[in-house]
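Subject: Structure for your files

Hello,

Here is the structure I said I would pass on. My notes on it follow below the entry.

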Amino acid sequence: MKVVYQTCCGIDVHKSFLQFKEWLIKNQCCDVCMESTVKYWVPVFNLLEDEINATIANPKWVKAVKGNKDDTKDFKWIGDLFRLGLVLGSYIPCKPIRILREFTRYRYKLTSCRSIEKNRYQNALTVCNVALDSVVSDIFGKSATSVIDYLLEQFTNSVNHEEIDSRLPRSLKKKSDSVIESIEGYQMTDSQKYRMRLVCAHMDYITSTRNDIDTMLDSLITPYENAVQLLCTIPGVDRNSAITVISEIGTDMTPFSNSKRLYCWAGLTPCNNESSGKKRAIIAIARMILTAIYQILCTDEVWNPTDLYKIDVPEPLKEKQKEQAIKQAKKLLIRERIISESQLAS
């Protein structure tokens with residue numbers, strides 16, 4: 001087989017390498033390969049990326065033959081495969097994009113955590129026989145929060161109707177009887193009140209932390225602001241979504257030769273065992289959006305819906321679409337009496 005890399009190195013990562021980079025440079029080795037084992041490869045990649053071409057491989061492509069295995073055999077096997085060009089490298093964006101990704105993923109985790117806390121708070125109200133959610137649209141809105149604060153402040157489980165009515169805004173006054181009925185007979189112990197206050201405090205902390213992250217994201221996204229504005233022209237893509245997309249795939253589409261490779265990398269290729277229906281429809285829509293994103297980032301142009309029917313379309317389908325367009329054009333000309341059927345036939 002043809003040797004692709006004359007001087008290369010296979011790495012089996014277990015711990016950080018302090019003098020490893022100097023050793024590679026000293027031996028004129030500018031190409032290395034290692035498998036993406038959990039997060040152990042990250043510090044090594046960060047150490048090497050400025051001067052060494054580091055290829056990160058999916059473990060399934062460099063898995064050694066079963067048998068007697070040890071660290072020496074593992075990195076020798078990786079080196080042998082890489083030397084012959086048999087290892088496909090994983091897509092690793094540049095460091096600024098990776099840092100941006102850390103913040104967007106952390107923000108997503110905080111958002112999920114806040115949703116969990118909201119559900120926990122709602123369950124606590126239900127356990128305490130408070131059915132306020134059946135009357136107000138948002139249990140965490142200003143009106144509902146005012147009523148719940150009143151319940152948490154009480155030393156008994158009685159309800160003062162006049163006090164509740166005074167806490168309701170004008171838009172909710174007409175529903176005051178329903179509001180009182182939804183909380184009448186509630187049972188809330190001191191321990192339950194304390195737990196609900198803890199949940200509220202945690203939600204406030206998460207919100208504050210997420211606001212700090214948003215401030216940092218606005219700073220980190222500045223070099224890519226033009227791309228954000230372009231992605232926001234796609235229907236359904238807001239600023240947060242655009243920042244998240246950029247943090248995952250970057251703005252340089254060179255590693256993806258076409259949009260098909262991009263949505264395959266994103267896991268948007270349906271499996272043969274998936275039944276048709278809602279899931280396949282969602283995947284199809286996601287692929288269309290990702291195709292539009294690919295085109296925008298490649299051309300630096302705003303979203304154009306016609307691009308979805310021009311990118312990566314197979315030639316047979318193009319010919320079929322062309323024939324249908326010609327057929328419809330002929331029908332239009334005949335209907336408007338611009339030409340007759342006999343003229344078309346001739």
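Helix H2, residues 41-48, lies across S1, S2 and S3, and runs at about 165° to S2. Please keep in mind throughout that this is a predicted model.

The three strands under discussion form an open sheet in the order S1-S2-S3, with parallel pairing. Strand S1 (9-11) and strand S3 (53-57) are at the edges; each has a single partner strand, so one side of each is left without a neighbour in the sheet. On average, neighbouring strands of this sheet are turned by 25° against each other, direction ignored. S1 and strand S2 (residues 31-35) run parallel and are joined by three bridges. Cys9 has Val32 in S2 as its bridge partner.

Next, the nonpolar cores. The largest contains 31 residues, and Leu231 and Ile246 have the most contacts inside it. At least two residues of this core come from each of helix H4 (95-127), helix H8 (190-220), helix H9 (225-231), helix H10 (239-249), helix H11 (259-265) and helix H12 (278-299). H12 gives the most, with seven residues. Apart from this core lies another, of 27 residues, including Tyr121, Val130, Ile183 and Tyr186.

Ile246 deserves a separate entry. Leaving out residues up to four places away in sequence, Ile246 touches Ile97, Leu100, Ile221, Tyr224, Ala227, Val228, Leu231 and Thr251.

On helix packing: two packed helices are described by the angle between their axes and the distance between the axes. For H4 and H10, the angle is about 130° and the axes are 8 Å apart. That angle makes H4 oblique to H10. The crossing in which H4 passes H10 is left-handed. On the H4 side the residues that meet H10 are Ile97, Leu100, Arg101, Thr104, Arg105 and Arg107. Their counterparts in H10 are Asn240, Ile243, Thr244, Ile246, Ser247 and Glu248.

Is Glu117 buried or exposed? Its relative accessibility is 7%, so Glu117 counts as buried, the cut-off for buried being under 20%. Setting aside residues up to four places away in sequence, Glu117 touches Val199, His202, Met203 and Ile206.

Regards

Terms used:
Residues are numbered from 1 along each chain as its sequence is written. This is a predicted model: local features need pLDDT of at least 70, side-chain atom pairs count only at pLDDT 80 or more; totals for chains, interfaces and linings use all residues. Side-chain values use heavy atoms; hydrogens and water are left out. Two strands pair if DSSP finds at least two bridges between them. Helices (H or I, at least four residues) and strands (E, at least two) are DSSP runs, numbered from the N terminus. Axes are lines fitted to C-alpha atoms, for helices over the stretch in contact, and angles run from 0 to 180 degrees between N-to-C directions. Contact means heavy atoms within 4.5 Å. A nonpolar core is a set of buried Ala, Val, Leu, Ile, Met, Phe, Trp, Tyr and Cys residues joined through side-chain atoms within 4.5 Å. Buried means under 20% relative accessible area, exposed over 50%, partly exposed in between (1.4 Å probe, protein chains only). Angles under 35 degrees count as roughly parallel, over 145 as roughly antiparallel, 65 to 115 as roughly perpendicular and the rest as oblique. A crossing is left-handed if the near helix is turned anticlockwise from the far one by less than a right angle, and right-handed if clockwise.
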